[in-house]
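Here are a few notes to read with the model open beside you.

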Amino acid sequence: MGVIASGHSDKAGGLGTLSVFAGWPVGLARLALLALALLLLAAAVLPVGRPDSDPGARHTPSAGPAASTTAADEDDEDIALYKAAIRRIQAGENYYDFIVPEQRARDYPVNPGLAVRLPTLAYLDAWLGGAGQIVAAVLLMAGVIAAWWKKFGEDPQLKRLRRLATAMVFVGASLGLNRYYFVLHELWAGMLVALSFGLHRIGRDGQGGRWIAAWAAAALALAIREHTLPYVLLMGATALWLRNWREAAAWGALVAVFLAAMSWHLAVIAAQVLPGDPHGPAWLVMRGIPGWLGNVVQSSNLRWLPHWLAGPAVILMTFGWLGWNSRAGVVAFLLSAGYGAAFMLAGRWDNFYWGAMIAPVMFAGIVFAPRALTALVTAARLDGLRRTRVVLA
């Protein structure tokens, strides 16, 4: 975390010439290099899809045949549920008047209340309509790309890496144009997180930062999907660390408002739960590394690659952010690794789409991976490897 407080400050977020690995003890650098190598090896051989032995049931079905549904079938059922909610809102119904009976009729759990989505996206989709959703998706993707192009451009050290990094932002964000998934909450929330982070500039002691637009984008993402909360907490913690008190207060206020709104949402749902409603399956299933890799790969354009390439790509995207010598690079690493750790602990195989929360942010990290690896090898004083390093800067 030392790099967060080092380097001179500018619009891009506290750029500095020193690598995050500068000053590391040789033993620690070598241990980190070994851990990276083992992670890459594990990522190449571990599965990124649901094992055949996993039943993948999203809930306890009421009919026998439903127990054998595939992941694709379940995705279709999810989308059908969300589209039904949109149609009923367009017909003039109130979300909380129908959503619990609708989910119960479709054999979806309503207990715990977190199994019932927040209504924000359903109302937005109902208001926008099909054509409006397409326009919104195009504008959001364009906004994400433009925000990151400008963010990378404020670092004079990147040079041609700016174009490569922005191109990877496009690859990550392009999934947002898939009309079939417009009703999925994670798709929009993840794109808004990418927009928020692209707009954000990390200041210090209340100077040099820019965060209001980023805060607004994150607030909308949080209103759509509660899985945005880790990002909001990280931004608040970063503001506190760097003594940006007004910004920290704003992120804290957003968390407080969200918790109050979520408490109200859960209370409304709980009042409609019947004694016979089954409890949904646990989300804390601890899938380990395959859970992390599977979520990101299956919810992004990495799904087109063979698993022995897609898995290591996720690791390099995460690690690579440490090659962007800036406070923003460190925060991007913490954000990517933090969601990765969460996916290792929580989420079933049929929750793979949670990966869309972070995938749009991650892709550009792989561009900086050679720089990060070079810096780590240098800190480890492995002269043989250092002579064969690849320099893209």
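**Notes on the packing**

1. Start at Phe 197: leaving out residues up to four places away in sequence, Phe 197 touches Trp 148, Lys 151, Tyr 231, Met 235, Ala 328, Val 331, Ala 332, Leu 335 and Val 361. Contact here means heavy atoms within 4.5 Å.

2. A word on the source: this is a predicted model, with local features needing pLDDT of at least 70, side-chain atom pairs counting only at pLDDT 80 or more, and totals for chains, interfaces and linings using all residues. Residues are numbered from 1 along each chain as its sequence is written, and side-chain values use heavy atoms, without hydrogens and water.

3. Now Met 235, which sits in helix α8 (residues 229-241); helices are DSSP runs of H or I, at least four residues, numbered from the N terminus. Met 235 counts as buried because its relative accessibility is 2% (buried means under 20% relative accessible area, with a 1.4 Å probe and protein chains only). Setting aside neighbours within four places in sequence, its contacts are Phe 197, His 200, Glu 247, Trp 251 and Val 331. The C-alpha atoms of Met 235 and Ala 248 are 7.9 Å apart, though 13 residues separate them along the chain.

4. On to the helix pair: α4 (residues 120-153) and α5 (residues 161-173) pack at about 160°, axes 9 Å apart. Axes are lines fitted to C-alpha atoms over the stretch in contact, and angles run from 0 to 180 degrees between N-to-C directions. The two helices are therefore roughly antiparallel (over 145 degrees).

Methods. Parallel < 35°, antiparallel > 145°, perpendicular 65-115°, else oblique. Buried < 20%, exposed > 50% of the residue type's maximum accessible area, 1.4 Å probe, protein only.
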